[in-house]
Amino acid sequence: MCLNLEAFAYNTGLGISYSPGLPHPNSYNWGWREYGNRVGVWRLIKLFDQLELPVSVLLNSAVYDHCPEVVAALRKRGDEIVGHGRTNSEHQNDFKEEGERELVAEVTEAIRKHEGKAPAGWLSPGVNPSPITPDLLQEAGYQYILDWPMDDQPVWMRTRSGPLLSVPYPHEVNDIPMIALHHGAADKFAEVIVDNFEEMLEQSAEQPLVYGVSIHAFLVGQPFRLRHFRRAMEHIRERADNVWFATTGQIARHYAELFPAR
């Protein structure tokens, strides 16, 4: 389970627009996003607790200043904190190499300061890495990246300074494309979660597979969507005897132990 925890400074741009045609961002669009940090995320944390689900928190480091109490609640649960840039109001493709290196260093240090250790994994804001993002992450000590949704198993990538593991990140079972881009209804997103799970569970009898679900609190934290999402996750939790519930970092470490980079 990947929970995207993001901060959008008002009037700074980028992000999915809820009100196309108006200057972006506007109060309506900003409020849509902010609802997740103020309300939706607490409903999701309650659900995660009820179902005893481990979570990978894809964290904009600006959230430490914006709503530190949310990160504290997830830290208390023992969830993994994954680097996700400073804010989704900027993309790494907009920086030259030195600027991107400084961005990665700033995020890494913020997480180290608050969590007591550096993050092992990274997802670029907007899932929009630059051509040298894997190089910079590997050189900064990162163990894995989530920017390349190209497989159902981890894949070793070559960088200019050594190997970096690509861990599957859900591109389709993801509320941004499903709901915000393709206008899928809440019940249909729940069906996608369940159907994808059941199919992959059957196929996993022949080979181990990584199944992820990616959510944003401002979408799935809405009450009418939460009801369907809860139903889907309860269905998966009932199959606990056949599933390893793990964070992306746990998956990366397990794979690297079994199949070290050549």
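**Figure 1. Salt bridges, and the pair Asp49–Arg77.** The structure, a predicted model, holds 13 salt bridges (a side-chain nitrogen of Lys or Arg within 4 Å of a carboxyl oxygen of Asp or Glu). In one of them, Asp49 pairs with Arg77, with the closest N and O atoms 2.6 Å apart. Asp49 sits in helix α1 (residues 27-51) and Arg77 in helix α3 (residues 68-77), so the bridge ties together parts 28 residues apart in sequence. Helices (H or I, at least four residues) and strands (E, at least two) are DSSP runs, numbered from the N terminus. Residues are numbered from 1 along each chain as its sequence is written, side-chain values use heavy atoms, and hydrogens and water are left out. Local features need pLDDT of at least 70, side-chain atom pairs count only at pLDDT 80 or more, and totals for chains, interfaces and linings use all residues.

**Figure 2. Packing of α1 on α3.** The helices pack at an angle of about 10 degrees, with axes 11 Å apart. Axes are lines fitted to C-alpha atoms, for helices over the stretch in contact; angles run from 0 to 180 degrees between N-to-C directions. The angle makes α1 roughly parallel to α3 (under 35 degrees; over 145 is roughly antiparallel, 65 to 115 roughly perpendicular, the rest oblique). From α1, the contact (heavy atoms within 4.5 Å) takes Asn37, Val41, Trp42, Ile45, Phe48 and Asp49. From α3 come Glu69, Val70, Ala73, Leu74 and Arg77. By class, the contact of α1 with α3 has seven nonpolar, one polar and three charged residues. Ala, Val, Leu, Ile, Met, Phe, Trp, Tyr, Cys and Pro count as nonpolar; Asp, Glu, Lys and Arg as charged; the others, Gly among them, as polar.

**Figure 3. Packing of α1 on α9.** Here the angle is about 25 degrees and the axes lie 11 Å apart. The two helices are therefore roughly parallel. Tyr35, Arg43, Leu44, Leu47 and Leu51 of α1 meet Pro223, Leu226, Phe229, Arg230, Met233, Glu234 and Arg237 of α9. The contact of α1 with α9 divides into eight nonpolar, no polar and four charged residues.

**Figure 4. Packing of α7 on α9.** Helix α7 (residues 186-203) meets helix α9 (residues 223-237) at about 15 degrees, with axes 8 Å apart. That makes α7 roughly parallel to α9. On the α7 side are Ala186, Asp187, Ala190, Ile193, Val194, Phe197 and Glu198. On the α9 side are Phe224, Arg225, His228, Phe229, Arg231, Ala232, Met233, His235 and Ile236. The contact of α7 with α9 has ten nonpolar, two polar and four charged residues.

**Figure 5. The β6–β7 hairpin.** Strand β6 (residues 155-159) and strand β7 (residues 162-166) pair in the antiparallel sense over five bridges (pairing needs at least two DSSP bridges between two strands). Two residues lie between β6 and β7 in this hairpin. Trp156 stands opposite Leu165 in β7.
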